[in-house]
Amino acid sequence: METQRTEAEPVGPLASFVRFVVCGGGVGVLSSAAVPLLALLMPWAAANAVITVASTILCTELHALFTFGTGGRAGLRRHLQSAGSATAAYVVTCAAMFVLHAVQSSPSLAWEQAVYLGASGLAGIGRFLVLRLFVFAGRKETGAVAVRPVRGGLVHHGDLLLAR
């Protein structure tokens, strides 16, 4: 017998980080194969932009449904916030490469890879934290308080004495 999931089940930080790496890494590998194929039909920069947008949208949906266990699709607000964090990660990796080339005019391929992968790793951790703590953070519901009208005089509410 199948049961239908009606509420989002919270996912712990370690499990969500592993899911983040698997989803993001899997989509990243697919993207790295898709860009050169699409570049056969259009300029490389355009192909890279198209695949980057598509992979960010796909990852945001995967993160909403699987990584952070929200129980639903991402929605426009989360897509925009995720795109912002992806843009920030892109800026971090570009800045790291710029600094490397400013410090060393002709770095070896090994240095470029080390700096790029290190910056990507740090940017990925930062992106995970932003997505977990802000974009896909569970909203805490506050309990409703019953309110009834009071006629005249003073109203007691806990330790407070309120004038009406």
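This is a predicted model: local features need pLDDT of at least 70, side-chain atom pairs count only at pLDDT 80 or more; totals for chains, interfaces and linings use all residues.
Colleague: Why are helix α3 and helix α4 called roughly antiparallel?

Modeller: Look at the angle. The axes of α3 (residues 75-103) and α4 (residues 109-135) cross at roughly 155°. Angles over 145 degrees count as roughly antiparallel. The two helices are therefore roughly antiparallel to each other. Their axes come within 9 Å, and the crossing is right-handed.

Colleague: What kinds of residue make up the contact of α3 with α4?

Modeller: By class, the contact has 14 nonpolar, six polar and four charged residues.

Colleague: What makes α1 and α2 roughly antiparallel?

Modeller: Again, the angle. α1 and α2 pack at about 155°, with their axes 9 Å apart. The cut-off is over 145 degrees. So α1 and α2 are roughly antiparallel to each other. Their crossing is right-handed.

Colleague: How do you know that the aromatic pair of F17 and F128 is edge-to-face?

Modeller: Take two values. The rings of F17 and F128 are 5.0 Å apart, centre to centre. Rings pair if their centres lie within 6.5 Å. There are 85° between the planes of F17 and F128, and planes over 60 degrees apart count as edge-to-face. This is one of four aromatic pairs in the whole structure.

Colleague: What does the pair of F17 and F128 tie together?

Modeller: F17 lies in helix α1 and F128 in helix α4, so the pair ties together parts that are 111 residues apart in sequence.

Colleague: Which helices supply the lining of the largest pocket?

Modeller: α1 (13-38), α2 (44-67), α3 and α4 each supply at least two residues. α1 gives the most, with 11 residues. The lining has 33 residues, and G28, T52, S55, Y116 and S120 lie nearest the pocket's centre. About 1400 Å³ of space lies in this pocket.

Colleague: How do the lining residues of the largest pocket divide by class?

Modeller: They divide into 18 nonpolar, 14 polar and one charged. Gly counts as polar and Tyr as nonpolar. That sorts two residues among those nearest the centre, G28 and Y116.

Technical notes. Residues are numbered from 1 along each chain as its sequence is written. Side-chain values use heavy atoms; hydrogens and water are left out. Axes are lines fitted to C-alpha atoms, for helices over the stretch in contact, and angles run from 0 to 180 degrees between N-to-C directions. Helices (H or I, at least four residues) and strands (E, at least two) are DSSP runs, numbered from the N terminus. Angles under 35 degrees count as roughly parallel, over 145 as roughly antiparallel, 65 to 115 as roughly perpendicular and the rest as oblique. A crossing is left-handed if the near helix is turned anticlockwise from the far one by less than a right angle, and right-handed if clockwise. On a 1 Å grid over the protein atoms alone, a cavity is a set of points where a 1.4 Å probe fits but cannot get out, and a pocket is an open set with protein on both sides within 12 Å along at least five of seven lines; lining residues have an atom within 4 Å of a point. Grid points are joined across faces, edges and corners, and a volume is the space filled by probe spheres set on the points. Rings of Phe, Tyr and Trp (its six-membered ring) pair if their centres lie within 6.5 Å; planes under 30 degrees apart count as stacked, over 60 as edge-to-face and the rest as tilted.
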